[in-house]
Amino acid sequence: MVDSTATHQVEKVTYRVNPFVRGLLRLFLTISVPILLILISVRLVMSPLFLQVEYNRPGFPEDIYGFTTDDRLEYAPYALDYLLNDSDISYLGDLTFPDGSSLYNSSELHHMEDVKVVTRSAYLLLVIIAIAFTITSIGMWRQKSLRADLQIGLFNGALFTICLLVSIIFFALFAWDLFFDTFHEMFFEAGTWRFAFSDTLIRLFPEQFWFDAALVIGGMTLIVATIILFSTWRWGRIAN
């Protein structure tokens, strides 16, 4: 006959988690939260709905070279679709104006290829982190001894996200040119992302477009992070 007390003790030893591992799990959650929230917000902004709202909002800069709002709404979705589909650059390279001239020049097409590489890498990272985050969170929730670590990891992740976003938004608001240039220099080769005001990419996506997109991405991320922060704070209070 097996002693139930001994069995119970064995089970406790079996499910005891090394403090170092617990720390790694909390750190993973803390780092994952801002990555997930920011990339999900970016994906939501990369939508026809945002184009509709942005181009039709009062005060959005007009194109001095002649694009109307309808023109922008006709041409811009192609650039968005290219970044999200599996087509090669001919998807954009074959586009023409009504007079038969190419919609994009060679420099613009090269840049869009670079943007697609960055976009696909970011979404691959999103999928990997999302899967790992989900598995880790479910596993920690199912193991009662790790639930407190789950709460702490999510709380710290939300707090880290808020601090990071406040810093970025402050930087963007008060040093937009430096922020814009620094961001592009991180991901693209020098000189490949600057275009003339008469180029299609600038006419469709002027600097104001990116400023607004950055604020929307930051705002959505900040709201969700605040909800997570408050929820996990309440969770910790109830648990204690």
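Is G66 buried, partly exposed or exposed? In this predicted model, in which local features need pLDDT of at least 70, side-chain atom pairs count only at pLDDT 80 or more, and totals for chains, interfaces and linings use all residues, G66 is partly exposed because its relative accessible area is 46%, where buried means under 20% relative accessible area, exposed over 50% and partly exposed in between, with a 1.4 Å probe and protein chains only. Residues are numbered from 1 along each chain as its sequence is written, and side-chain values use heavy atoms, with hydrogens and water left out.

The secondary structure of the protein comes to ten helices and zero strands, helices (H or I, at least four residues) and strands (E, at least two) being DSSP runs numbered from the N terminus. The order of the elements from the N terminus on is accordingly written α-α-α-α-α-α-α-α-α-α. The protein is more spread out than a compact globule, because its radius of gyration of 24 Å is well over the 18 Å that the globule rule gives for 240 residues; the radius is taken over C-alpha atoms, and the rule is 2.2 Å times the number of residues to the power 0.38. Along the principal axes, the C-alpha trace spans about 90 × 35 × 30 Å. Of the 240 residues, 37% count as buried. Among contacts with a separation of 6 or more, 77% are accounted for by residues 24 or more positions apart, a contact meaning heavy atoms within 4.5 Å.

The packing of the helices is considered next. Two packed helices are described by the angle between their axes and the distance between the axes. Axes here are lines fitted to C-alpha atoms, for helices over the stretch in contact, and angles run from 0 to 180 degrees between N-to-C directions.

Helices α3 and α4 pack at an angle of about 150 degrees, and their axes are 10 Å apart. That angle makes α3 roughly antiparallel to α4, given that angles under 35 degrees count as roughly parallel, over 145 as roughly antiparallel, 65 to 115 as roughly perpendicular and the rest as oblique. The crossing of α3 and α4 is right-handed; a crossing is so called if the near helix is turned clockwise from the far one by less than a right angle, and left-handed if anticlockwise. On the α3 side the contact involves P48, L51, Q52, Y55 and N56, which meet T69, R72, L73, A76, P77 and L80 in α4. These residues divide into seven nonpolar, three polar and one charged, where Ala, Val, Leu, Ile, Met, Phe, Trp, Tyr, Cys and Pro count as nonpolar, Asp, Glu, Lys and Arg as charged, and the others, Gly among them, as polar.

The loop between α3 (48-56) and α4 holds G66. Leaving aside neighbours within four places in sequence, G66 is in contact with D71 and R203, whereas the C-alpha atoms of G66 and Y82, 16 residues apart in sequence, are 24 Å apart in space.

Helix α4 (residues 69-84) also packs with helix α6 (residues 106-142), at an angle of about 50 degrees and with the axes 8 Å apart. That makes α4 oblique to α6, and the crossing of the two is right-handed. In this contact A79, Y82, L83 and L84 of α4 meet M112, E113, V115, K116, T119 and Y123 of α6, and by class there are seven nonpolar, one polar and two charged residues.

Two further residues of α6 were examined. L125 has its place in helix α6 and is partly exposed, with a relative accessible area of 40%. Not counting residues up to four places away in sequence, L125 touches I35 and L39, and its C-alpha atom is separated by 9.1 Å from that of L36, 89 residues apart along the chain. S137, likewise found in helix α6, is buried, with a relative accessible area of 14%, and touches L29 and L150 when residues up to four places away in sequence are not counted.

Helix α7 (residues 147-174) and helix α8 (residues 176-187) pack at an angle of about 115 degrees, with their axes 5 Å apart. The contact is made by I168, F171, A172 and F174 of α7 together with W176, L178 and F179 of α8, and the residues comprise seven nonpolar, no polar and no charged. In the loop between α8 and α9 (200-204) lies A190, which is exposed, with a relative accessible area of 67%. The C-alpha atoms of A190 and A79, 111 residues apart along the chain, are separated by 22 Å.
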